[in-house]
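Biologist: Hi! Could you walk me through this one?
Modeller: Happy to, let's look at it together.

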Amino acid sequence: MGTSQRWVNKKRAAKIKISTLTFVFIVFLANISLCSAQDIGWEDNFNTGVAEWYDEYDSDSFNCIITSLEDGTASIEVIGNSTWGKVAKVIEDVDLNKYPVIEIKANHVDPDSAFKVGITSLDWKEYYEIIPGQNLPGVYSESIKENVKLSNKFNSKFNLVIIIEGSNKSSIFDYIRLTSTKN
Ligand SMILES: [Ca+2]
């Protein structure tokens, strides 16, 4: 092999090395963006109404009514003489191992009031609080897994429950979702 041929081979090897490094770097960057991107497994953005939510109209033990507002939000209000109430929606076929985080965005919380989010078994015998009482608007997210070892417990079928505290108080929400990562 002549000198010039060796030089060409060396150059080729260097080129391959650089392109391998570039590739590794691109994969690295892609992973970073994948990790930071929030993967949403289920969402109710309240943009198309609230018909699937259970409230006082469905069961008089809920003491709350949920109303769809024009700006794509939902208002949940404690009614009657109760000091607290709840609304619930049945969640099915969402892999909790993949999407263990409940995230909710509250646009408004009445003064001297709070909201919290929990999950229950379909028979309501077991309740787990996931997002504890919050009295300010904002985005809140908590992992179901960190609160309870739920991975397969509810078999991806459970009640998602929003609780409002305070007589005649209400909160307004923009969305609630199940995601892969905490916000
Ligand atoms: Ca919305």
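Biologist: What share of the 183 residues in the chain is buried?
Modeller: Buried residues make up 31% of the 183. A residue is called buried if 20 or more other C-beta atoms lie within 10 Å of its own, exposed if 12 or fewer, and partly exposed in between, with C-beta atoms placed from the backbone. Keep in mind that this is a predicted model: local features need pLDDT of at least 70, side-chain atom pairs count only at pLDDT 80 or more, and totals for chains, interfaces and linings use all residues. Residues are numbered from 1 along each chain as its sequence is written.

Biologist: Thanks! How many helices and strands are there in the chain?
Modeller: The chain has two helices and ten strands, in the order α-β-β-β-β-β-β-β-β-α-β-β along the sequence. These are DSSP runs numbered from the N terminus: helices are H or I with at least four residues, strands are E with at least two.

Biologist: And which residues touch the most other members of the largest nonpolar core?
Modeller: Val87, Ile102 and Ile104 do, in a core of 35 residues. Strands that each supply at least two residues of this core include S4 (84-92), S5 (101-109) and S9 (157-165). The largest share, six residues, comes from S9. A nonpolar core here is a set of buried Ala, Val, Leu, Ile, Met, Phe, Trp, Tyr and Cys residues joined through C-beta atoms within 7 Å.

Biologist: What is Ile102 in contact with, leaving aside neighbours within four places in sequence?
Modeller: Its partners are Val117, Ile130, Ile131, Ser141, Glu142, Ile144 and Leu178. Contact is when two C-beta atoms, placed from the backbone, lie within 7 Å. Across the chain, 69% of contacts with a separation of 6 or more join residues 24 or more positions apart.

Biologist: Switching to strand S1, where is Ile40?
Modeller: Ile40 is in S1, residues 40-44. Ile40 is 140 residues from Ser180 in sequence, yet their C-alpha atoms are 6.5 Å apart. Beyond its neighbours within four places, Ile40 is in contact with Arg177 and Thr179.

Biologist: Why does Ile40 count as partly exposed?
Modeller: Because it has 14 other C-beta atoms within 10 Å.

Biologist: Now backbone angles. What is phi of Asp112?
Modeller: Phi is near 55 degrees, a positive value in a residue other than glycine. Most residues other than glycine have a negative phi. Asp112 is in the loop between S5 and S6, and counts as exposed because it has 10 C-beta neighbours inside 10 Å.

Biologist: And where is Asn168?
Modeller: Asn168 is in the loop between S9 and S10. Its phi is positive, about 60 degrees, although Asn168 is not a glycine.
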